[in-house]
Structure formats: C-alpha cells, structure tokens
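Here is a briefing on one protein chain. Please look over the sequence and the structure first, then read the points by topic.

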Amino acid sequence: MKQGAKKHLKTFIKVFITLGGLAYVFNKVPLTEALAQWTPSVLPWLLLIFVLTIVLMAIQANRWRGLLLEDGRKIPFKTFYSYIALGYFFNNLLPSGFGGDAVKTIAFGKRYGNTASSVAAIVISRVMGLLAMFLSFFVALPFVAAKYDIPTAYTATVSAVALVAILVIIAGLFSDKVKIPAKLATKVPFLLKLQDAFCVYRGHKKEFLLSGLDSVWLQIVTIIIHWAYFKAMGVDVDIAIITVFTTIMVTFTMLPISINGIGVRENVQVSLYTGLLGIPADVVLASTLFSYLPLLFQAAQGAIAFALLKNQK
C-alpha cells in the first residue's frame, strides 16, 4: 500500500472511531439531556476554570522557558505564553493532540534560531508532564482501588504508557551514547543538533528538576480543573478518584485512534464515572462536554497570538 493511501486509511479510521464513539455515547445519553445540566449555576465555576486555565498555560510557558536555559532567559515570558497559546490554537485545527506542539516549536525555533533546543525542550516538557501525571496516578491508585474495581485494561494501559515515557526521557538524556550513522548524519544534520540538545540537560540538573517541579504544579492545577467540571454540575467527586480517572482518560485520548481523542474521551468518562461510581450518565457527559469550553478559551487566545505573531519576523 502506498504511503498516501496509508495516510488516508489512518485518517478514515480516526474519523470512523470519532464519529462512532460520539454516536454510541449520544445514543445512550441524548445530547439534550446532557446540556440540560448546564444551568446558570455553572458560570462561577466556568470563570474559575478559565482563571486556572491561564495559570496552567503560564506554568507551561515557564517550564519551556526554563528548559531553554540561558537562551530562554533572554526572551520575554509573554513570548513563551503566546507560543503556548498558538500551540493550543493549532491543536484544535490539526487531527492530533501533538500537531500544535510541532507548529509552535518550529515557529519559535525559526524566529529565534534555536529549533533543535526548542524541540528538545518541548519533548522534555511533554514527557515530564506525563511522568508527573503518572506519579500522581500511582500515588492515588491504592486509595481508589480499595473501594472500586478498576478494569485491568485501564491500569495496564496507563502502566505501559508510563514505561514508554520513562524510556523516552532516558533515551533523550543519553542520546549522545548512540552513534548516528555517518550517511544519515550527513543527510539530516539536524539529528546531531537534536542529539546534543537533549543530552545537554545532563549538565543542567537544576533546570531539569525545576521542569519536573513545574510539571507537578501543572498536574495539581489540572486535577483541580477536572474536579471543578463536576462541581459545576453539582457533583462532588473525591480528588483521589479525579486523579486516577483523569489519568486513565488522558492516556486513552493520547492513543492515535481518533481525532484529538474526541469520541474516546466521552465513552471512557461515562464508563468510569457512571459504571464505577454510579453518577448519572447525563451528568458525566455534561461535565465532559463542559471540558471543551476551556479548550475553546485556549484556542481563542491562540488565534489572537497567531494574528499578532504572523506579522512579526
């Protein structure tokens, strides 16, 4: 099968799973029943979520800036925030949760002339964020597993992805130990720059650890936001449960089987919160759909950033 045909097939499968997932969940829970949960009482919670979303993006910008070491200190913080917003804008346009990372990293690298370092910093940021999420998952898991029978498939998938994240970090930090074939290095010299950009963090342990600390704060804010989704619907869910279930949901939406996790997210949420906790499916779906509002808020900031940045060299 030709490369173009394979790409079209993958896109078709993603669209099929996305639409199939949405059709399945909305067949079980009509959209009107879910949206009926959105009463005026959700507005204060929505405001809080928007504020926390700004905090979350600011932490991401600070982590990226710190991982760029001396080069990062020369660039204003607001610039990093703008590119973080730009990434969210393109994440909502491209059929992948990582497309925005590619756009913002390449755009930033071209503007400031350090594409390899920017790519390495973003990859490290992403993986450190995942490690913080998985750490919180395994800390909270015993408390949740003592009360609820979590399907093995969920915990096994999270464990597998956590292992991959650890291997990626190790491979990046020690990438200089692997010799790139001379022909490949000549053909793609950027690989050598990228290799150097990754392994440089072995000599900057402080900045590396601070990025880990930022990732922990990022995870705390994320958990609070997901807790607020349910509070907005008038349901109080234990923080440990939010931590475990959110990690499971994020892990499954990361899998490249649907468009930005749409269709998968809704079904996993209903499966967990309704299937295990007994929360009404319309309430769970309402809170899940509510989570798209901060994504639109991030995308709106990114649209503004795009309009401003495209006029700059």
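Buried means under 20% relative accessible area, exposed over 50%, and partly exposed in between, with a 1.4 Å probe and protein chains only as cover. The model is predicted: local features need pLDDT of at least 70, side-chain atom pairs count only at pLDDT 80 or more, and totals for chains, interfaces and linings use all residues. Residues are numbered from 1 along each chain as its sequence is written, and side-chain values use heavy atoms, with hydrogens and water left out.

**Overall build**

- The chain has 15 helices and zero strands. Both are DSSP runs numbered from the N terminus: helices are H or I with at least four residues, strands are E with at least two.
- A compact globule of 313 residues would have a radius of gyration near 20 Å, and the chain agrees, with 20 Å. That radius is taken over C-alpha atoms, and the globule rule is 2.2 Å times the number of residues to the power 0.38.
- The C-alpha trace spans about 60 × 40 × 40 Å along its principal axes.
- Of the contacts with a separation of 6 or more, 76% join residues 24 or more positions apart. A contact means heavy atoms within 4.5 Å.

**Surface and charge**

- Buried residues make up 46% of the 313 residues.
- The accessible surface comes to about 16,000 Å², and 70% of this belongs to carbon and sulfur atoms. Areas come from the Shrake-Rupley method with a 1.4 Å probe.
- The chain has 28 positive and 13 negative charges, whose mean positions are 14 Å apart. Lys and Arg count as positive, Asp and Glu as negative; His and the chain ends are not counted. Each charge is placed at NZ of Lys, CZ of Arg, CG of Asp or CD of Glu.

**Nonpolar core**

- The largest nonpolar core has 88 residues. Helix α7 (residues 115-145) gives the largest share of this core, 14 residues.
- Such a core is a set of buried Ala, Val, Leu, Ile, Met, Phe, Trp, Tyr and Cys residues joined through side-chain atoms within 4.5 Å.
- Trp 64, Tyr 201, Val 244, Ile 248 and Tyr 273 have the most contacts inside the core.
- Leaving aside residues up to four places away in sequence, Trp 64 touches Phe 80, Tyr 83, Ile 84, Lys 104, Phe 108, Ser 118, Ala 121, Ile 122 and Ser 125.

**Helices α13 and α11**

- Helix α13 (residues 264-274) is mostly covered, with eight of its 11 residues buried. Charged residues Arg 265 and Glu 266 are among them.
- Ile 223 lies in helix α11 (residues 205-232). Its relative accessibility is 9%, so Ile 223 counts as buried.
- Ile 223 touches Ser 136, Ile 239, Ile 242 and Thr 243, not counting residues up to four places away in sequence.
- Gly 234 is 11 residues from Ile 223 in sequence and 17 Å away in space, C-alpha to C-alpha.

**Local points to check**

- Leu 69 has a positive phi, near 55°, though not a glycine. Leu 69 sits in helix α4 (residues 69-73) and counts as buried at 13% relative accessibility.
- Phi of Asn 260 is also positive, near 55°. Asn 260 is in the loop between α12 (239-254) and α13.
- Phe 174 is in the loop between α8 (152-173) and α9 (182-187). At 41% relative accessibility, Phe 174 is partly exposed.
- Phe 174 and Gln 195 are 21 residues apart along the chain, with C-alpha atoms separated by 8.7 Å.
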